[in-house]
Amino acid sequence: MNTELDSYQYVRQLLVEQFDVPAEDIQPSASLADDLGIDSIDAVDMIVHMREVTGKRLTPEQFRTVRTVQDVVSIVDHVRA
Amino acid sequence: MHSRFTAPLDGFWGRQGRRLWTVLSFALFGLGAGVFGLVVFPLLLLLVWNRQRRQRLARRLISVLFGFFIRFMGLFVLSWELDGLPLPEAERGSGHDRPDEPGGGKVVVANHPTLIDAVFLLWCFPGADCVVKASHWRNPLMMFSVRAAGYIPNNDDEVVLEEGVRRVRSGRTLLLFPQGTRTRPGEEPSFRRGGAVIAARAGAPLLPVRIRCEPPALRKGEPWLAVPSRRGHFTITALPAENPADWLPAPADSRHSERAGTRALTEHLKGLLLNGC
């Protein structure tokens, strides 16, 4: 099973369903803040949501360097691994 | 409430005098930070074990010290008026000062034009909770006071939100600068919506407080000795409180509603607080 793809689908779904991002705007290279309108409060809600799903604690440090959709996917992969 | 002395002290000698008094004021602040930060607050941490009591004492002390500092500066380098705000001295020992009174909690959001805005607000709202730069927890002069007062460090947004909601629900007043840092002259700051989110989640009102300083002084990116042409006059105005629930589109209990509502409310507050800046 391709976990990379799964993580991407999960992040995509999260952005569309929870944060009202239009699905067609989502690309791996899209900037969360500039292209998708995700602000720092959304980032917190996203961390909380991902923790509920993965059951693992994500640190704010892990999230501090996140800029793009692909960065979030990498973190999800990392947490799952 | 107004400061008592308001002569502009302009002209060459007036300006030099104000420069000297500014140096003295900040020297006094440093001395106070040394004595209280390294002796009194550590003693509070050592001797008062009841956290509630310790926080109340520490916050009351901070409010008294900051009030003293502002009056000291107010002798020659600044003047002020508080508009719609209760007298700090009357508030002490009642209201904001008595935490854990459910129902009385609120979030105070202010713009941040000068170096001493937090000093003014912590004087005006004795006993308030405050979100403070996390580096203060490692600064020897500040670490004991911020710990004794139980302020909230700003390094983890999740903790700020959770703690903020918890404290406002328990009846406390939470002070926030949505800009995070002082306005840079000529730049439009961005406002974060954390204050609106905390108020919405705690079911508490949001009180906008507008800070003006004319002529501008103690701004970001300016040496603090660059005193303006005349005495800086602060006007601190409490604007009508907003109820975040009024801003949330139906159905109000969704993330989508909270996002849209708090964003709109934050833009509204930004307009109110920065208007004319």
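**Ground rules.** I am working with a predicted model: local features need pLDDT of at least 70, side-chain atom pairs count only at pLDDT 80 or more, and totals for chains, interfaces and linings use all residues. Residues are numbered from 1 along each chain as its sequence is written, while chains are lettered from A and ligands numbered from 1 in the order in which they are written.

**H7 and H8 of chain B.** I began with how these two helices lie. The axes of helix H7 (residues 194-202) and helix H8 (residues 255-274) of chain B cross at roughly 125 degrees and come within 9 Å. Axes are lines fitted to C-alpha atoms, for helices over the stretch in contact, and angles run from 0 to 180 degrees between N-to-C directions. Helices (H or I, at least four residues) and strands (E, at least two) are DSSP runs, numbered from the N terminus.

I noted the crossing of H7(B) and H8(B) as right-handed. From H7(B), Ala196(B), Val197(B) and Ala200(B) meet Glu258(B), Gly261(B), Thr262(B), Leu265(B) and Thr266(B) of H8(B). Contact here requires C-beta atoms, placed from the backbone, within 7 Å. The contact of H7(B) with H8(B) has four nonpolar, three polar and one charged residues. Ala, Val, Leu, Ile, Met, Phe, Trp, Tyr, Cys and Pro count as nonpolar, Asp, Glu, Lys and Arg as charged, and the others, Gly among them, as polar.

**H1 and H2 of chain B.** Next I checked helix H1 (residues 11-47) and helix H2 (residues 51-76) of chain B, which pack at about 165 degrees with axes 10 Å apart. H1(B) is therefore roughly antiparallel to H2(B). Their crossing is right-handed. Residues of H1(B) in the contact include Trp21(B), Phe29(B) and Phe36(B), and those of H2(B) include Leu65(B), Phe69(B) and Phe72(B). I logged 13 nonpolar, three polar and two charged residues in this contact.

**H2 and H4 of chain B.** H2(B) also meets H4(B): the axes come within 8 Å and cross at roughly 125 degrees. The pair is therefore oblique. H2(B) passes H4(B) in a left-handed crossing. Among the residues making the contact are Phe66(B) and Phe69(B) of H2(B), with Phe120(B) and Trp123(B) of H4(B). This contact has eight nonpolar, two polar and no charged residues.

**Buried parts.** How many residues of helix H4 (residues 117-124) of chain B are buried? Six of its eight are. Buried means 20 or more other C-beta atoms within 10 Å of a residue's own, exposed means 12 or fewer, and partly exposed lies in between; C-beta atoms are placed from the backbone. The six are Asp117(B), Phe120(B), Leu121(B), Leu122(B), Trp123(B) and Cys124(B).

The largest nonpolar core has 82 residues, and Phe120(B), Leu121(B) and Ala199(B) are among those touching the most other members. Such a core is a set of buried Ala, Val, Leu, Ile, Met, Phe, Trp, Tyr and Cys residues joined through C-beta atoms within 7 Å. Not counting residues up to four places away in sequence, Ala199(B) touches Val107(B), Val168(B), Ala204(B), Pro205(B), Leu206(B) and Pro244(B).

Most residues other than glycine have a negative phi, and most peptide bonds are trans. I found a cis bond joining Glu214(B) and Pro215(B), with omega about -10 degrees. Pro215(B) sits in the loop between strand E6 (206-214) and strand E7 (232-238) of chain B. Another cis bond joins Ala250(B) and Pro251(B), with omega about -5 degrees.

Phi of Leu218(B) is positive, near 55 degrees. Leu218(B) counts as buried, because 22 C-beta neighbours lie inside 10 Å. Phi of Leu9(B) is near 50 degrees. Leu9(B) has 19 C-beta neighbours inside 10 Å, so Leu9(B) counts as partly exposed.

**Between chains.** Last, I looked at the two chains together: 10 residues of chain A are in contact with 10 residues of chain B. Helix H2 (residues 40-54) of chain A gives the most to chain A's side, with six residues.

Key. A crossing is left-handed if the near helix is turned anticlockwise from the far one by less than a right angle, and right-handed if clockwise. Angles under 35 degrees count as roughly parallel, over 145 as roughly antiparallel, 65 to 115 as roughly perpendicular and the rest as oblique.
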